[in-house]
Amino acid sequence: MIGISRDGRAALAYLAPAALVLIGLLGYPIYQLVLISFYDYGQEQVSGGAPLNWLGLGNYAKLLSDSQFWTVLAQTVGFAACCVLGTLLVGAALAVLATRVRAVPRALLFLAALGAWATPTVAGSTVWLFLFDANFGLVNEVLGLQGFSWTYDRWVAFGLVAAQVVWCSFPFVMVTLYAGIKAIPGEVVEAAALDGASVPRTVRSVILPLLRPLLVVVTIQSVIWDFKVFTQIYVMTGGGGVAGGNLVLNVYAYQQAFAASEYGLGSAIGVVMTVLLLGFTAIYLRALRRSGEAL
Amino acid sequence: MKRIALLVAVGALAVAGCAPVQSGPSGGAADEKSGQLRVWLFDEVNRGPKQAVVDQAVKQFQSEHAGVTVDVQYIQISTRAERFKGAFSDPKSAPDVAEFGNTDLAGYVAAGGFAEVGADLDKWPDAKDLSPSILDTAKVGGKVYAVPWYVGVRALYYRTDVFSELGLTPPKTLAELAPLARRIRAAKPDLFGISVGGKYTYGMLPFLWASGGDLASQQGGKFTSAVDSTNGRAGIGRYTELLAEDICPPQQCAQNGGDASVQAFVSGKAAMTIGGDFNRGAMKAGAVSGKYAVVPLPGMTEGSVAPAFAGGNLLGVTKSTAHRTLAVQFLQLLGGKSFQRKMFDAMGNLPTFTDVQRAVAEGDEFERPFVRTLDAGPRFVPATPAWAKIDAQAVLPTMLQQIATKAQDLTAATATAAQHMNEAFGS
Amino acid sequence: MKRPGRTLAEVLAVLAAAAIAFPLYWMVLSALKPESEVISSDPKPWTLQPSLDNFTRVLTTQGFGRYFLNSVLVALVVVALSLLISFLAATALTRLRFRGRTLLLVMLLVAQMVPVEALTIPMFFLMRSVGDAVPAFGLNQLGGLVLVHLAFSLPFAIWMLRGFVAAVPVELEEAATLDGASRQRFLWQVLFPLVAPGLVATSVLSFIHAWNDFLFAKTFIISASENQTLPLALLAFFKPDQNDWGAIMAGSTLMTVPVLVFFVLVQRRLVSGLAGAVKG
């Protein structure tokens, strides 16, 4: 085996390019982001027309005392949870389905899924909106709901957007899980069958544990992506729905801060979002570790 | 070792930047008399005619100024915020002359983007004919920062075929509007009585102003929201009354902005709407072509006109320009009487000089109600950078939508909006 | 032997495929419809007068070809660089034991959690400073976009590749070492080809990331129109008064097709690659 010190030196060499890029181009901006969140930092300050004003935790205090922030936060969590669940369920179900069919139907399924995956987010949101348009949409034409607006009621609108989010993010889950299931050696499943285990039991005690590392990865990724949904809400609900009823944190941050050039407050929201995601991931990973899984 | 290196790097960075970055103040000290003049204009749906007029101006300017080239770039309205913010923060890539919307002015000036041109206008003979109420839209704190290039005002469009079939005449006062719209929808349930929208702030403003209300009052340089005053509420109520099942159902209208509201009329789904002179092209191409007429939106008393919002675009000189004299000269050429007239002929943009306006109205039946509305004195949003913030936070559309969807009543919604506005004014 | 239930499963699979593909079908259809049929209160799921007008309009937009090339260039450079850098980093993170490894892993996750939109402002100033030092990588330059996309695609790329590298049996490395192969040779001649499927999967995701970006293209390319990328050409058809739906759909189709082709070409490798992650 190779010695520890040699490992350390090699690691340094291998990690150097990544560290250079990540520290310089990501770490430094993130550090600036945190810094900005402590200041009153608007367009005047950015262009050097006004002095900087240190607020300390002022932006955070303002945020936490804003009742709309809490509503939006609750909505975001609920919305993200639904999207993650939907994505995982649809992705897993179709992955299982794909293992049960012959080549041609499977190829069709994969082609469709890859197509959904390949569609740019803006284009995907626009097409969905177009399909569900109150007057010109095919869905209303087919259902005989001429004039029914899918984006008027808060929950109907959230449902529509969630469906779109699931549509464009399930392929990642499906392909990954399909690959995972295919990689499980056939002998393992056969052995379980020979031992007389029932199908549900085989799934529970043989297949699921083997898929677990993959499930962890796709869950964490889905949570990270769905918590930060921006484009779909922005495009499909016209920037946050009727009277702001469909705001999620990322869009709220954009409206409260970037459109209005209040970068300090916007950065604070960004930091809060990061901390929340971090907290969730930590809890999730700890729960996993307690049940015997390491990162 | 790795960790130490990391710590050192992080520590160095933390020391290097213990405050967020700022641009240096952008100074336009130089005033070169030759070289390239960079001009940003807005891209338009049908840019051809605009570009032809601008090219003509460029040609003329270049022949009058040897050694000067003018580079015109057309920028997207949808990405203008990023482009301008970028230009203000990185003077290297900033233009010398730019077209921009008058509601963006206060914010751009506060960001240090545009130079004062009041003294230059004083020396310019054309300037005395600029309509005073329109010139106000180019001022911040009493100082002029741009030349108004064209204005857009809104008036009341109505369907002549529907009105004559039902034996109706256009409303004479604002109070008559809602009952009239209700009567039309009762007779023709597939039509909106009047197409208005929950996000159509500029359509709402005339109601607010006509009722004696205002967006904000100014005292000693400090603005205070006035939307929750008695008159303000009455005006807003008069508008949101239209967002009802029996006139313009919220299910279909609450999410509409100005474009969508006008579009419903254009496609023949509404008996009336509030639209601008700039919607002329769409009307001509739409289902209502030849079946509509325009009157000024009436005020509270018979014969009066509800004050319209003075929308429009300005031409300004950036603060960071290195060709100040040339930039002002180009501004006076493109924004002057002769080229405003040419722009009207090409694009239908209403001129900002009173005498040119009058000349235009005489020759054109369609423009008359709009020029009358302009004569009656259009009004403007509070000239403060805070307005950009209020606009971006969608304070007023949210208020209108809350009332229209009955999520909040008039009193509560206007109070919330006033609170948000005051927060923006206060910062 | 015909397995019961398989027919049902196949019918289900085909139905699901049709449902998933429908929005895509609608996109291509709307792109092919003549203008009067795109916005119609009586939409039909077919068209009898397909026309390429919308595509012509998009393709003849000023500089479309240039934008396309710019997009391809940026995406390919980002993919190449991120593969190289993330392969090395992933190897270090899985094959070598050193202190702070878990911390680094957690930091890679954290980096993905920061909302990208919030980072534009600090990024803007960073790129401006970079531009002062090395003009080709600053604002207004394609090099700047490459750097930004590289930074944002690396954490996920490393995170994903980690699984693939871990799936290569350690015994292989030991055998190679016993054979006297240097670490360098093992890295490039043994490990690199073995994780190829994983590299493909990672490159697909990096590619999509750079290809679809609107945010940075419109923020960082301030006035150099010759350096715009494809999504900006699409944005030109979103008008304040009336969106040009036909052109938007045609543009979206043109943006989707290259990615889809790429996907289909690497599909097998993508799947077998992702499978690698589970063996580890």
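This is a predicted model: local features need pLDDT of at least 70, side-chain atom pairs count only at pLDDT 80 or more; totals for chains, interfaces and linings use all residues.
**Stop 1: chain B**

Along its principal axes, the trace spans about 75 × 65 × 45 Å.

Next, think about the inside of chain B. Of its 427 residues, 53% count as buried. To be called buried, a residue needs 20 or more other C-beta atoms within 10 Å of its own.

Then ask which parts of the sequence meet each other. Take the contacts in chain B with a separation of 6 or more: 76% of them are between residues 24 or more positions apart.

**Stop 2: chain C**

Hide chain B and select chain C. How many helices and strands does chain C have? The count is 13 helices and zero strands. If you walk along chain C from the N terminus, the elements read α-α-α-α-α-α-α-α-α-α-α-α-α.

Chain C has 280 residues, and buried ones make up 51% of them. Among the contacts in chain C with a separation of 6 or more, 74% come from residues 24 or more positions apart.

**Stop 3: the two domains of chain C**

Select residues 1-51 for domain 1, then 63-279 for domain 2. The C-alpha centres of these two domains of chain C lie 32 Å apart.

Where do the domains touch? Eight residues of domain 1 of chain C are in contact with six residues of domain 2 of chain C. To explore the domain 1 side of this meeting place, select helix H1 (6-32) and helix H2 (35-38) of chain C; each supplies at least two residues to the side that touches domain 2. H1(C) gives the most, with four residues.

Finally, colour this touching side of domain 1 of chain C by residue type. What kinds of residue, nonpolar, polar or charged, do you find on it? The residues there divide into five nonpolar, one polar and two charged.

Terms used
Residues are numbered from 1 along each chain as its sequence is written. Chains are lettered from A and ligands numbered from 1 in the order in which they are written. A residue is buried if 20 or more other C-beta atoms lie within 10 Å of its own, exposed if 12 or fewer, and partly exposed in between; C-beta atoms are placed from the backbone. Two residues are in contact if their C-beta atoms, placed from the backbone, lie within 7 Å. Domain bounds come from an automatic or database domain assignment. Ala, Val, Leu, Ile, Met, Phe, Trp, Tyr, Cys and Pro count as nonpolar, Asp, Glu, Lys and Arg as charged, and the others, Gly among them, as polar.
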